[in-house]
Amino acid sequence: MQGVLKEACLLTVVFTGDGAAAGSYGYTNSGYSVYEEENDRLTESLRSKVSAIKSLSIEIGTEVKNQNKMLAEMENDFDSTGGLLGATMGRLRTLSRGSQTKLLCYMMLFSLFVFFVIYWIIKLR
C-alpha cells in the first residue's frame, strides 16, 4: 500500500522544464500569476481613477448648485433693481410731460444770467 501511495505522490508532482515542481497544475510558474498580478495592478489603478472621477463629479455638482443659487439671487436683485428703475423712469416721464415752456424759459434766463456774469468778470480784469 505504501508503494502505491508513493507512486501516486510522484505522479501528482509534475516537473516543469526548469526542474521546479509546478504544483496546482503549473499555475504559479506558467505565467498566469504574472497576468493575475498585472490584472490586480490595473484593477487598483482603475479603482483609484474611478474614485478620483467620482470625487471630481461630486465637487462639480456642488459647484453647480452654488452657482445656480448665486444666479437665482442675482435674478432677484436684477428684478428689484428693474422695478426701482421702472419707477424712476415713470417719475421722469411725469416730470417731462409737465410744462416744458416754463422749463425752457427758466433755462434761457439762467444761461443769460451766467453769460452776463462771466462777461462782467472778464470786463473788470
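Ile122 is exposed, because its relative accessible area is 59%, where exposed means over 50%, buried under 20% and partly exposed in between (1.4 Å probe, protein chains only). The place of Ile122 is helix H4, residues 100–124; helices (H or I, at least four residues) and strands (E, at least two) are DSSP runs, numbered from the N terminus.

The model is predicted, so that local features need pLDDT of at least 70 and side-chain atom pairs count only at pLDDT 80 or more, while totals for chains, interfaces and linings use all residues. Residues are numbered from 1 along each chain as its sequence is written, and side-chain values use heavy atoms, with hydrogens and water left out.

**Overall architecture**

The protein has four helices and zero strands, and its elements run α-α-α-α from the N terminus on. Of its 125 residues, 2% count as buried. The accessible surface comes to about 11900 Å², and carbon and sulfur atoms account for 67% of that area; accessible areas come from the Shrake-Rupley method with a 1.4 Å probe, and for residues only the protein chains shown count as cover.

**Helix H4 and the annotated span**

Ile122 also belongs to a nonpolar surface patch, together with Phe110, Phe113, Val114, Val117, Ile118, Trp120, Ile121 and Leu124, with about 940 Å² of accessible area together. Patches are made of residues with over 30% relative accessible area and no salt bridge; like charges are joined within 9 Å, and nonpolar side chains (Val, Leu, Ile, Met, Phe, Trp, Tyr) within 5 Å. An unreviewed UniProt entry annotates residues 103–122 as "transmembrane region"; such annotations may be inferred rather than shown by experiment. In the model, residues 103–122 are 100% helix and 0% strand, and their end C-alpha atoms lie 29 Å apart.

Side chains of opposite charge can pair when their charged atoms come close. The whole structure holds two salt bridges, each defined as a side-chain nitrogen of Lys or Arg within 4 Å of a carboxyl oxygen of Asp or Glu.

| Salt bridge | N to O distance |
|---|---|
| Arg41 and Glu38 | 2.4 Å |
| Arg47 and Glu44 | 2.9 Å |

Arg41 and Glu38 both lie in helix H3, three residues apart, about one turn of the helix. Arg47 and Glu44 are likewise separated by about one helical turn, because they are three residues apart in helix H3. Glu38 counts as partly exposed because its relative accessibility is 34%, and Glu44 counts as partly exposed at 45%.

Glu73 is placed in helix H3, residues 32–96, and is partly exposed at 41% relative accessibility. Glu73, Glu75, Asp77 and Asp79 form a negative surface patch; Asp and Glu count as negative, Lys and Arg as positive, and His and the chain ends are not counted. The place of a charge is taken as CG of Asp, CD of Glu, NZ of Lys or CZ of Arg.
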